[in-house]
Amino acid sequence: MKSLTVCTEAYFNELDAYTVCFVRRAKKRDAGVIKLYFGEFDAAPVYQLLDWICFQKNPVLKHEPKLAAIIREAIPAAITDKNIQALCAYAAENYWLHLEGYVRFRMADYNDYLNRLLYSIAKKLKL
């Protein structure tokens, strides 16, 4: 059985909610850590959390829920699948995942893609 220790400074409650599907997990609330035990890593719920954090870190998407919904629908499934596969590969090689760090560094291209979508919408609306 493999384990992945997931830590966060700001999103512990959300991490707790998104990881309930893992049968075995150990929580250390004071340290902001949840240790996940698994045979095969299910990256989909963890990726949903990472995607949500990307939207929370973006100042426009955080405060404009209608625009965030439009952007969310405009993201192709291929990009989501690619990000989930990258997360699976990361979990296969590493035992530690820091949510904010992963979003900032490993998902930098995705964050750039979100900003480009925002720019294209603003350009079409001539804002």
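Predicted model: local features only at pLDDT ≥ 70, side-chain atom pairs only at ≥ 80, totals over all residues.
Me: How many bridges join β2 to β3, and in which sense do they run?
Reply: Five bridges join β2 to β3, which covers residues 33-38, and the two strands run antiparallel. Two strands are taken to pair if DSSP finds at least two bridges between them, and the elements themselves are DSSP runs numbered from the N terminus, with helices being H or I of at least four residues and strands being E of at least two.

Me: What about the hairpin, which residue there takes a positive phi?
Reply: That is G32, with a positive phi near 70°, in the hairpin of β2 and β3, where four residues lie between the strands.

Me: In what order do the strands sit in the sheet?
Reply: The open sheet is formed by four strands in the order β2-β3-β1-β4, with mixed pairing. Because β2 (24-28) and β4 (96-98) stand at the edges with a single partner strand each, one side of each has no neighbour in the sheet. Direction ignored, neighbouring strands are turned by 20° against each other on average.

Me: How does β1 pair with β3, and how with β4?
Reply: With β3, β1 pairs in the antiparallel sense over six bridges, and there L4 stands opposite L36 while S3 stands opposite Y37. With β4, β1 pairs in the parallel sense over three bridges, with C7 opposite H98.

Me: Why is β1 largely enclosed?
Reply: Five of the six residues of β1 are buried, so the strand is largely enclosed by the rest of the structure. Buried here means under 20% relative accessible area, with exposed being over 50% and partly exposed in between, using a 1.4 Å probe and protein chains only.

Me: Which helix lies across β1 and β4?
Reply: Helix α5 (residues 77-93) does, running at about 110° to β1 (2-7). Helix α6 (residues 99-106) also packs on the sheet, touching β1 and β4, and its direction makes about 75° with that of β4. These angles run from 0 to 180 degrees between N-to-C directions, with axes fitted as lines to C-alpha atoms, for helices over the stretch in contact.

Me: Let's move to L97, is it buried or exposed?
Reply: L97, in strand β4, counts as buried at 0% relative accessibility. Not counting residues up to four places away in sequence, L97 touches L4, T5, V6, C7, V46, L87, Y90 and Y102, where contact means heavy atoms within 4.5 Å.

Me: Where is F55, then, and which residues is it in contact with?
Reply: F55 belongs to helix α2 (residues 43-57) and is buried, at a relative accessible area of 2%. Beyond neighbours within four places in sequence, the contacts of F55 are L61, K62, A68, I71, R72, I75, Y110 and L114. The C-alpha atoms of F55 and N115 are separated by 10 Å, although these residues are 60 apart along the chain.

Me: Now the whole chain: how many helices and strands does it have?
Reply: There are seven helices and four strands, which follow the pattern β-α-β-β-α-α-α-α-β-α-α when read along the sequence.

Me: What share of the chain is buried, and what share of the contacts joins residues 24 or more positions apart?
Reply: Buried residues make up 39% of the 127 in the chain, and among contacts with a separation of 6 or more, 67% join residues 24 or more positions apart. The C-alpha atoms fill a box of roughly 55 × 30 × 25 Å, taken along the principal axes.

How values were computed:
Residues numbered from 1 in each chain as written. Heavy atoms only, no water.
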